[in-house]
Amino acid sequence: MTLTRRSTLAVLGAASALTAAPARAAQAKAGPLRLWCRQPAKEWVEALPVGSGKLGAMIFGGVAAERLQLNEDTLWAGGPYEPINPEANGALPEIRRLINAGEYAKATELADAKFMGSPKRQMSYQTIGDLKLDFPGLGEAGADYVRDLDIDGALAATSFTAGGVRYLREVIGSAPDGVIAVRLTASKKGAISVDLTFASPLKSKPVSSVEGNHLVLAGANEPSQGIDAKLKFECRIDVRAKGGKVSGQSGVLSVKGADEVLLLITAATSYKRYDDVSGDPTALNKAKLAKLATKPWTELLAEHQADHRGLFRRVSVDFGRTRADLLPTDERIKQSPTTDDPSLAALYYQYGRYLLIACSRPGSQPANLQGVWNDKTFAPWGGKYTININTEMNYWPAEPTSLPELVEPLIALVKDISETGARMAKAMYGARGWVTHHNTDLWRATAPIDGAKFGVWPTGGAWLCKHVWDHYDYGRDQAYLERVYPLMKGSARFFLDTLVVDPKFGVLVTNPSISPENNHGYGSSIVAGPTMDQAIVRDLFENCLKAEAILGGDEDFVAELKTARDKLAPYKIGKDGQLQEWQEDWDADASDIHHRHVSHLYGLFPSDQISIDTTPKLAAAAKTTLVTRGDLSTGWAIAWRLNLWSRLGDGDHAHGILKLLLGPERTYPNMFDAHPPFQIDGNFGGTSGMTEMILQSRNARIYLLPALPSAWPTGHITGLRARGAVGVDVRWAGGRLSEAVLTAKAEGEHTVVHAGSTLKVALKKGQTARLVVRNGALVRA
């Protein structure tokens with residue numbers, strides 16, 4: 001049963017029929033923008049996340065013993081290093097010769113021996129450790145225990161009754177103040193007593209101490225892969241109690257008999273930039289806390305929520321509601337494969353936006369493989385920036401879901417790697433411009449790593465340049481484009497110098513490279529000219545040409561780009577009707593025909609080189625590939641498939657894939673994406689995929705409801721953005737468009753498409769247009 005707005009209250013009133021009486025109070029708080037559970041977290045993937053951009057905390061919601069696992073986004077292993085392999089450039093001609101001769105295994109062996117970075121692994125993101133809160137004498141919680149995360153207010157809370165006293169613990173990650181703030185309150189005066197300690201898994205053995213009302217953990221990061229540990233870090237907590245007594249010794253800070261306790265948690269490292277570790281974390285922390293010395297919780301909370309909601313509330317989502325949305329979130333996830341729960345999808349959608357707001361802010365590091373949340377000293381895959389899909393997927397929803405400010409850390413990373421990558425391009429390839437392979441880290445390493453079959457892929461930086469361009473395309477800020485265009489131009493210059501002619505097909509290709517991370521079945525994954533590379537380089541060249549047309553300038557460079565673009569290898573359709581992944585028709589011979597990566601479909605999404613209306617034969621071939629690959633895969637790979645099927649216009653198939661993503665095999669109880677283990681890219685890819693079902697901005701057109709599933713007959717998404725600096729609100733009922741409202745942020749003409757009807761809409765800056773369907777045609781109301 002799908003709810004209308006009129007029936008929502010009736011369903012809320014029927015909550016008692018769904019669960020036992022002790023949970024009624026919790027159910028009364030159930031809402032579309034809230035995660036909640038009836039019990040404390042036992043596992044890390046059950047804890048609830050808050051973040052300030054630079055700081056992250058996972059809240060477990062314990063009763064007598066609470067745990068906050070803490071992160072600071074520059075606490076990584078190692079220190080500044082230069083991974084250039086001096087043998088790489090000398091080995092390059094022979095690697096290319098072996099590839100052209102079809103000796104792929106030998107080319108891989110040589111690349112492993114002489115072409116990889118030194119070291120062959122990059123540095124890992126690390127954890128500070130845990131803040132532990134022990135509440136002596138506190139008994140078991142009553143049946144009214146609730147642990148929740150309000151993603152509209154960015155507030156995590158744990159509430160319960162014990163010994164006749166009602167306790168409330170609230171946690172925020174404040175970007176304006178740069179702290180994690182915790183408030184402990186109780187219904188009875190003098191009821192709060194707590195012992196605070198640190199516990200860190202770092203082998204560098206950080207030391208905890210008490211300085212007045214500050215609890216301090218200070219230490220260093222860890223060495224890795226032969227790279228010395230060069231970072232100092234400090235986590236400092238300011239403890240403020242109303243009533244009671246504060247005392248401390250031997251690394252334990254205790255509060256006895258307080259009415260209320262406020263904890264302000266800050267952390268910093270000595271990292272200033274990838275080549276400078278001269279910072280003073282203690283001075284940074286003390287200065288930050290000094291500024292907050294007289295700021296009460298009410299002001300901290302108000303400024304934090306105003307800041308968060310200023311971003312979060314730009315977009316509103318409704319896919320319908322059913323009785324299922326009154327259950328705890330973990331139970332909804334368990335039941336999602338067999339229940340009708342459209343608002344779980346809406347919650348997942350907004351949770352993705354919440355997470356990006358919490359882990360990527362101007363001045364912070366970009367969202368890594370785990371956003372900003374990681375409880376290990378060496379995270380899965382190092383918690384790095386894996387740029388053969390995962391980092392890009394993190395930012396897919398940023399522009400269309402009205403969070404463009406959050407892309408700033410990614411643009412800053414691209415600027416950094418354009419510097420380190422320029423040295424790499426010259427040393428490895430003898431080329432101008434800059435290059436990055438399939439990963440980078442805090443130290444902005446750009447060499448190929450892990451092994452030739454994974455890391456010899458030179459188009460990572462070029463893919464990131466698509467995000468550099470997209471930030472302009474959605475916002476149309478020419479001053480921004482002038483600032484960042486040199487990044488795109490430098491990446492293009494690298495390929496102008498390194499593309500080579502394929503001796504068999506006579507086209508320009510990358511060599512050596514791979515189709516990430518897929519073995520083609522002929523001895524390796526190493527190859528020349530994989531389809532993905534050609535598509536990424538084509539986008540790079542085309543976007544550079546667009547930028548040159550806007551900014552004016554380099555005629556010789558434009559001519560060089562056009563000549564190279566026209567010689568790039570074209571897409572090919574193979575013997576089974578599939579879009580070929582390689583220049584040769586090898587898809588059926590690949591080691592894993594159900595491989596998680598669908599790299600050769602980059603042209604369908606996130607690019608728009610392939611589409612059902614402009615290149616229908618290629619789109620049909622892409623569909624054949626997707627059918628062969630299958631729907632069930634790792635979490636992030638399912639999310640990519642969701643976006644791809646949306647681009648193919650098949651809303652019901654896309655919805656079926658979304659159900660896989662939301663199920664308990666691929667979504668943890670706290671709604672984190674499960675690769676497994678946790679990778680945050682699937683969360684962001686899911687938000688992007690649902691956006692693509694409702695709105696697509698591609699091929700110089702705006703598509704309304706291009707892949708609306710029958711499971712969402714009535715709903716809306718408002719506050720979206722399309723290319724050309726235009727806001728878009730979309731509402732539908734009975735499976736049909738009710739209205740769309742366009743709001744221009746810049747003057748321009750927009751071509752809008754819905755159900756085969758096309759309308760051109762010219763708007764001046766600040767002007768709006770309401771579009772409806774009349775007699776089957778899209779018209780301006």
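The helix α12 gives the most residues to the lining of the largest cavity, namely five. A cavity, on a 1 Å grid over the protein atoms alone, is a set of points where a 1.4 Å probe fits but cannot get out, and lining residues have an atom within 4 Å of a point. The model is predicted: local features need pLDDT of at least 70 and side-chain atom pairs count only at pLDDT 80 or more, while totals for chains, interfaces and linings use all residues. Residues are numbered from 1 along each chain as its sequence is written, and side-chain values use heavy atoms, with hydrogens and water left out.

**The largest cavity**
- The volume of the largest cavity is about 210 Å³, where a volume is the space filled by probe spheres set on the grid points, which are joined across faces, edges and corners.
- Its lining holds 17 residues, and W396, D470, Y474, F605 and R723 lie nearest the centre.
- Two elements, α12 and α19 (681–694), each give two or more residues to this lining; helices (H or I, at least four residues) and strands (E, at least two) are DSSP runs, numbered from the N terminus.
- By class, the lining of the largest cavity has seven nonpolar, four polar and six charged residues.
- In this division, Ala, Val, Leu, Ile, Met, Phe, Trp, Tyr, Cys and Pro count as nonpolar, Asp, Glu, Lys and Arg as charged, and the others, Gly among them, as polar.

**The second largest cavity**
- The count of cavities of 30 Å³ or more comes to eight, and the second largest cavity holds about 80 Å³ of space.
- Thirteen residues line the second largest cavity, with G51, G173, H304, H308 and A358 nearest its centre.
- Elements giving two or more residues to this lining are β2 (48–51), α6 (297–312) and α8 (342–359), and α8 gives the most, with three.
- The lining of the second largest cavity comprises six nonpolar, six polar and one charged residues.

**The largest pocket**
- A pocket is an open set of points with protein on both sides within 12 Å along at least five of seven lines, and the largest pocket contains about 640 Å³ of space.
- Its lining consists of 29 residues, of which D473, K546, D608, A700 and R723 lie nearest the centre.
- The elements that each give two or more residues to this lining are α12 (460–475), α14 (531–551), β24 (695–698), β25 (701–704) and β29 (748–754).
- Helix α14 gives the most to the lining of the largest pocket, with five residues.
- The lining of the largest pocket divides into five nonpolar, nine polar and 15 charged residues.
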